Structure formats: C-alpha cells, structure tokens
Amino acid sequence: MNDPARFHLLLCAGGCCLSSGMASVRTALAAALAAHGLAEQVRVTATGCMGLCAQGPLLVVNPDGVCYCRLQAADMAELVRGHLVGGQVVERLLCPDPLTGAPVRALGDLDFYRRQRKVVLRNCGVVDPASLAEYEGRGGYQALRQALGKMTPAQVVEEVSHSGLRGRGGAGFPTGLKWAAVAKEPATPKYVVGNADEGDPGAFMDRSLLEGDPYSLIEAMTICGYAVGARQGYVYVRAEYPLAIERLEAAVATALAAGRLGPDIFGSGFGFTMAVRTGAGAFVCGEETALLHSIEGRRGEPHPKPPFPTAKGLFDQPTVLNNVETFANVPYILRHGAEQYRALGTRQSPGTKIFALAGNVVNNGLVEVPMGMSLREIVFDIGGGIPGGKMFKAVQIGGAAGGCLPIEQLDTPVTYEALPKAGAMMGSGGLLVLDEDTCMVDLARYFLEFLQEESCGKCTPCRLGIKAMRDILERICGGEGEEGDIGKLELLSDYLAQSALCGLGQAAPNNLLSTLRHFRVEYEEHIRRKHCRAGVCPALAPARAAGEEAR
Amino acid sequence: MAEPVTVPPPAAEPAAAFRELDAFLAHFPAELRTRTLLIPALQKAQELFGHLPPAVQRHVAAALGLTAGEVYGVATFYHYFHLQPQGRHVINVCLGTPCYVKGARGLLAALRRELGIDLGGTTPDRRFSLGCQRCVGACVLAPILIIDQKVHSYVTPKKLAAILAQYP
C-alpha cells in the first residue's frame with residue numbers, strides 16, 4: 001500500500017444512517033479533521049449499509065477496527081481528538097452489547113455480526129459504492145473477465161445451474177434453469193432484467209444492495225447477458241428508493257465510461273449495455289409479467305402464464321428476469337466455483353439469504369445468514385430478542401404473500417422446503433418480529449387491506465375476493481364477528497388461491513391462513529367473547545383503547 | 001452525500017414547463033419516442049407541473065403517438081401520478097407492516113385530525129397533501145413519515161406539531 005493515510009474511516013451512508021443525520025456528522029468530522037491538520041493523514045470513505053441500522057449513524061476507524069455508533073455532529077471533535085490524535089478509544093461512543101450493555105469495540109465482536117456470513121453483502125459497508133476501483137480492488141469484475149476469457153456461454157449457464165442458486169425474490173425457482181431456457185431460445189434480441197421493485201412491506205435487501213454495492217448487480221447482469229446471448233439489460237427500481245436509483249444510475253454511467261459496459265467489453269467482442277427504469281408506485285409490478293408491462297409503458301397488469309418470460313418476455317422477446325439479490329450471488333459463484341458455493345447453506349437451498357430484520361426486536365437491521373439457520377437463531381442470537389421485557393409472539397416472514405409463525409415453529413430452518421411446510425414462505429427477505437402487543441387478527445386484516453389497495457383489479461377473484469375477506473375481518477375486529485365467519489374465510493381463501501390470475505392474488509390469503517392455523521384462539525376470542533387480548537382492536541378493548549392511539 | 005432535500009416548487013410558467021418536457025423527450029432517438037417512454041415522460045411531466053392535468057396528458061400522448069385514453073389509463077394505474085394539484089408539501093405516512101405494528105395507524109389518525117383532511121386530500125390553504133406509501137425500506141426507523149423527500153424517524157403523534165412546523 002502506498003496510501004499515506006494513517007487512518008481509514010468508513011462512514012455508513014446507507015439510507016437509514018443518512019436519515020439519522022449522517023450528513024451533519026460527516027460535515028462535523030471534516031471540520032474536526034481540518035482543525036487538527038489531519039486531512040492528509042485520514043482517508044474517509046462513505047460506504048453502503050453496514051447492517052446494524054438501529055445503531056446509526058455508524059463510523060468505523062481502521063486499521064483499529066473500532067466502531068462508533070449513534071453519532072451526532074457534536075461528538076466528532078471528541079472522537080477526532082480522543083482516538084485519532086490521542087490514540088484512546090472513546091468508550092462513550094462505542095456500541096453497547098445488547099445483552100450486557102458493556103461497550104463493544106469492533107462490530108465483529110457483536111453476536112449480531114459473528115453469526116452472519118456475508119457473501120452477497122461482501123462489499124456493503126466496506127467500499128465506496130461510487131468507486132469502480134474499490135469494487136475491482138475487492139475482486140470485482142474477476143468473474144466477468146473469467147467468463148469472457150475462459151468460459152463458453154454454455155459453461156457459465158452450467159456453473160450457475162450446478163451452484164443450485166434459486167430465485168431470491170421468493171419463489172425459489174432454479175436460476176440455472178431459467179438461464180438455460182433463455183439461452184436455447186432462437187429468437188433475438190433477448191433481454192436481461194433485474195427486478196428491484198422490492199414491494200413487500202418490511203423488505204430492504206435490494207435497496208441496501210443497490211445503495212451499497214451497485215457494481216455487483218451490473219457485473220452479474222453482464223455475465224447473464226453473455227451466458228444467454230442478450231446485449232441489453234434493464235433494471236426496474238421502485239420509485240420509493242431515490243438514493244438507490246441515484247447510485248445505480250451513477251454506477252452504470254461509470255461502468256459505461258470505463259468500458260465495463262458497452263460494445264466491446266474487455267476486448268472480448270461481447271457487448272452489453274444497461275438502462276435503469278423507475279417504477280411509479282404499484283406493488284403488483286413486482287410480479288414478473290406486470291413488471292415487464294410497466295417497462296413497456298403499459299399498466300402494470302399481469303398476464304396468464306404460459307407464455308413465460310423466458311420465451312416471450314420484454315417486448316415479446318426471450319427474457320431472463322431475476323431479483324437483484326439473485327444476481328448479486330453470481331459473481332461469487334463464478335469466482336469461487338459452484339462447489340464452494342454449495343458448501344454454504346443446505347443441499348436443496350444452497351448459499352445465503354439476506355433478511356431485513358425489523359419490528360419488535362433489539363437489533364433492527366440487515367443480516368445475511370447461511371440458509372438452514374433456524375428462525376430462533378436469527379431472532380434471538382442475531383436479533384438480540386424482544387426489547388422492553390415483552391413476550392415473543394410471532395415472526396412474520398415473506399411479506400404480503402408470507403405467513404406468521406409462532407414460538408413452537410421457531411426451530412424451523414430458513415430453507416425453501418421447510419418454511420412452506422410450517423405455513424409460511426421464504427419470500428423476498430422481510431422478517432418482522434412481533435411481540436405480545438400485536439393482534440394477529442388485526443394483522444391478517446392489515447394484509448388484506450394492503451392487498452386490496454394493491455390489487456390491479458384485472459381478475460375478479462382478486463378484485464372481489466380480497467374485499468369480501470377483508471369485510472369479514474373488519475367485522476370481526478369491530479366486534480361484530482359471527483359463528484361461521486372462520487369457515488367463510490377458509491372457503492374464500494381456497495377459491496382465491498385456486499382461481500386468481502397471478503401470484504399476488506393466489507398468495508393473498510397466506511398470512512390469514514397462517515394466523516388461522518397458529519393463532520385460531522385469537523379469532524375465537526374476537527368472535528365469541530368480543531375480546532382482543534392484545535388490546536389493539538378498539539371496539540373490543542374499550543378500557544385500553546383510549547390511551548392506545550399510538551399503536 | 002447530501003441529506004434528502006425538499007423538492008423545488010413546480011415551474012410557475014406552463015410554457016417553460018412544456019418546453020422543458022419537450023427537451024427531455026428530444027434527448028431520446030425518434031424510434032424510442034414511443035410507448036416505452038410513457039412512464040418516464042409522465043414522471044418528468046409531474047416533476048415539472050406538480051400534477052398531470054388533461055392538457056399535459058394530451059401533450060405527452062401526442063409526443064409519443066398514443067391516444068389520450070392510453071395515457072390516462074397509465075396515469076391512473078400508478079400511485080405516483082396525481083391528476084389533481086398537490087399541496088406545497090406532500091406528507092406520506094408509511095403504511096408498511098413494520099410501521100403499522102409500531103403505530104402508523106395512530107399517526108395517520110392524528111394527522112387526519114391535525115390537518116382536517118383524509119388520505120388523498122389537500123388542505124384548503126394548499127400547504128399540505130396527505131398520502132401514504134407502502135414501505136420505503138426504512139423499517140428500522142419505524143414509524144416514519146416522508147415529507148417531500150425527507151424521512152422523519154420514530155414519529156409519535158406528540159412529535160407531529162414540531163415536525164409540521166418545519167414546513168411552512
């Protein structure tokens with residue numbers, strides 16, 4: 001290293017740390033460094049999400065590896081004077097261990113990090129997301145060089161197939177099969193589309209990846225283009241993510257200027273380019289056919305499959321459509337080989353999964369774990385358990401199409417096979433922890449309200465079925481539930497699952513069904529005793545409702 | 001790395017806004033000025049005009065070779081497009097699940113009471129419009145409000161008055 005800097009400071013510039021005041025912290029840091037004449041000796045990098053979002057804004061001092069948390073602009077003079085000038089760690093600003101309260105020096109010393117395995121998030125929180133040089137300094141673009149220089153397109157597809165990678169958007173479809181299907185289509189042009197329409201409430205994996213490591217998506221989509229014979233890619237990012245859009249667009253422009261995208265990449269003769277399209281606020285556009293319609297400038301309504309997008313996708317041409325997280329696995333697979341990748345996770349569900357851990361849990365944040373880890377380890381060992389001495393009630397996994405699992409199911413491993421058996425699904429990665437103050441009937445009502453709002457209205461079962469189910473739940477929560485309501489809900493759920501046009505409608509009853517399965521007693525209390533044990537439903541808990549408006 | 005800033009007010013002069021919209025579309029080669037540009041064009045138009053009145057929809061339709069009905073169909077499908085003028089500041093309550101379980105419903109009730117308008121409404125003095133978003137991925141900071149582009153974290157009904165006062 002010919003870097004003259006004595007210290008290298010990493011500032012988390014993920015969306016959450018920015019919202020918690022990182023910009024003013026950075027300004028104060030620059031002023032403090034200048035005041036001590038340290039500007040030359042201290043290198044400062046603004047990185048993507050470090051993961052421990054609830055403790056933000058975060059700052060890491062390297063080479064010492066010391067992490068400071070919950071920083072304010074007023075702390076920076078003391079931090080620079082104490083640590084960088086005086087060589088003393090500023091204990092007051094360290095992260096407290098959630099269990100003992102004792103200050104922890106390095107992020108790696110927290111259970112939150114020790115039990116994670118960062119494969120997809122390998123660069124997130126480490127590199128400057130704008131810097132192509134830093135990305136390449138950590139092995140970026142080796143996978144693409146290797147693919148273009150040493151592998152045929154068929155070998156790339158074969159390696160991805162062999163890795164066992166499955167779609168991280170939730171359905172778990174084998175990625176290699178999808179690529180192989182497009183590769184064998186004779187029609188051209190073909191397209192590669194990245195789905196960053198992360199519409200599930202409580203999910204921020206794709207947002208964090210785009211904000212923290214945009215080049216990994218660009219590299220992966222270029223590899224995919226080479227493998228299947230496509231020369232044009234699109235990334236569809238939801239409009240709710242302005243920072244992710246800004247950083248991805250900047251990275252695409254840099255990659256283009258540096259010849260990492262364009263007509264002749266690394267002198268191989270292979271050309272690939274990319275465009276970013278932003279959504280306009282429609283949950284259904286996460287569904288693949290709806291997303292493609294939206295890129296085409298149409299209403300984001302799904303169409304029946306087949307034809308599948310692999311045969312007739314964007315502009316009716318063969319199209320690979322993968323989730324951002326799925327793509328971000330690909331460079332790792334090519335660099336380290338499918339065998340090494342398969343060593344992570346389980347046989348049927350290889351690799352890692354990123355989860356957005358939120359709700360009533362101590363360590364809210366972004367985590368990546370090997371598949372097969374139990375929900376208990378994620379919620380209690382990594383998440384630190386339930387704050388405020390409250391009781392755990394359920395974990396809601398898989399977003400609007402997912403389900404709620406009770407304490408008895410906490411040993412379920414996170415795999416594509418085990419979660420559906422338990423009555424939930426992997427989903428895209430939202431993992432919401434619920435404590436005793438959550439009413440499961442009201443939560444089921446909430447999801448149906450959400451889905452009714454977001455139904456595109458094209459098919460009748462979804463447009464009217466969800467409303468009929470929601471109406472029953474509104475009655476139950478309003479103290480007017482009747483005997484037989486549960487049976488009606490189950491019947492309607494069955495109709496909807498069998499007859500809706502797309503996944504949004506077919507999966508709409510999932511949260512309701514999982515709460516009926518695991519928390520049926522709460523429904524019976526609402527209907528028969530007109531009682532809401534959590535005190536959430538106002539009509540059923542008059543004594544607490546007056547003071548509970550904040551819930 | 002700036003903190004999110006307030007969106008500049010829409011252009012007061014419609015003729016200038018139409019010129020800027022045309023300049024935006026002229027960036028793209030003629031063969032691309034078709035339906036595929038419709039959503040980017042409407043996004044740009046809303047940025048310039050603040051909302052999408054019929055004249056603007058017809059202008060976009062003509063520029064892209066579409067019927068006014070096709071443009072209206074798309075403009076009414078997506079939550080982001082507004083056909084009515086918005087207030088100077090747009091308040092969005094996040095109604096994603098993490099915000100919901102941490103109190104977004106109470107926050108929405110307090111906002112309705114405070115502003116005297118419902119979701120989708122605008123105050124008579126045009127100071128605020130009230131809307132909702134279904135998760136912006138800032139779940140760690142729940143419950144949140146997004147005002148213009150700024151995220152306000154851990155908001156409770158008690159903090160509302162002080163937050164709203166920042167937006168004259």
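In chain A, residues A:P153, A:V156 and A:V157 of α7(A) meet A:I223, A:Y226 and A:A227 of α10(A). The residues of this contact divide into six nonpolar, no polar and no charged. This is a predicted model, in which local features need pLDDT of at least 70 and side-chain atom pairs count only at pLDDT 80 or more, while totals for chains, interfaces and linings use all residues. Residues are numbered from 1 along each chain as its sequence is written, chains are lettered from A and ligands numbered from 1 in the order in which they are written.

Some terms apply throughout. Residues are in contact if their C-beta atoms, placed from the backbone, lie within 7 Å. Ala, Val, Leu, Ile, Met, Phe, Trp, Tyr, Cys and Pro count as nonpolar, Asp, Glu, Lys and Arg as charged, and the others, Gly among them, as polar. Helices (H or I, at least four residues) and strands (E, at least two) are DSSP runs, numbered from the N terminus.

### Helix pairs of chain A

Two packed helices are described by the angle between their axes and the distance between the axes. Axes are lines fitted to C-alpha atoms, for helices over the stretch in contact, and angles run from 0 to 180 degrees between N-to-C directions.

| Helix pair | Angle | Axis distance |
|---|---|---|
| α7 (153–163) and α10 (214–228) of chain A | roughly 120° | within 7 Å |
| α9 (205–212) and α11 (242–257) of chain A | about 40° | 8 Å |

From its angle, the pair α7(A) and α10(A) is therefore oblique. Angles under 35 degrees count as roughly parallel, over 145 as roughly antiparallel, 65 to 115 as roughly perpendicular and the rest as oblique. The crossing of α7(A) and α10(A) is left-handed, a term for a near helix turned anticlockwise from the far one by less than a right angle, with clockwise giving right-handed.

The helices α9(A) and α11(A) are likewise oblique to each other, and their crossing is left-handed. On α9(A) the contact is made by A:R207, A:L210 and A:E211, and on α11(A) by A:L243, A:A244, A:R247 and A:L248. By class, these residues comprise four nonpolar, no polar and three charged.

### Sheets

Strands of a sheet pair through backbone hydrogen bonds, either parallel or antiparallel. Here two strands pair if DSSP finds at least two bridges between them.

Chain A has an open sheet of five strands in the order β12-β11-β15-β13-β14, with mixed pairing. Its edge strands are β12 (365–370) and β14 (403–405), each of which pairs on one side only. Neighbouring strands of this sheet are turned by 30° against each other on average, direction ignored. Strand β13(A) (392–397) runs antiparallel to β14(A) and is joined to it by three bridges. A:V395 has A:L405 in β14(A) as its bridge partner.

Chain B has an open sheet of four strands, ordered β2-β1-β3-β4, again with mixed pairing. Strands β2 (128–133) and β4 (150–152) of chain B each have a single partner strand, so one side of each is left without a neighbour in the sheet. Strand β1(B) (89–94) pairs with β2(B) in the parallel sense over six bridges, and B:V93 stands opposite B:C132 in β2(B). Helix α6(B) lies across β1 and β2 of chain B, running at about 150° to β1(B).

Chain B contains seven helices and four strands, which follow one another from the N terminus as α-α-α-α-β-α-α-β-β-β-α. Its C-alpha trace spans about 55 × 35 × 30 Å along the principal axes. The domain assignment gives domain 1 (14–77) and domain 2 (89–164) of chain B, with bounds that come from an automatic or database assignment. The C-alpha centres of these two domains lie 30 Å apart.

The contact between the chains takes 40 residues from chain B and 46 residues from chain A. Helices α2 (38–49), α4 (68–75), α5 (97–101) and α6 (104–115) of chain B each supply at least two residues of the side that touches chain A. Of the elements of chain B, α5(B) gives the most to this side, with four residues. The side of chain B that touches chain A has 23 nonpolar, 13 polar and four charged residues.

### Backbone features

Most residues other than glycine have a negative phi, and most peptide bonds are trans. A cis peptide bond joins A:T188 and A:P189, with omega about -5°; A:P189 lies in the loop between α8 (175–183) and β7 (191–196) of chain A. The peptide bond from A:P306 to A:P307 is also cis, with omega near 5°. In chain B, phi of B:R126 is near 60°, a positive value in a residue other than glycine, and B:R126 lies in the loop between α6 and β2 of chain B.

Technical notes
Two residues are in contact if their C-beta atoms, placed from the backbone, lie within 7 Å.
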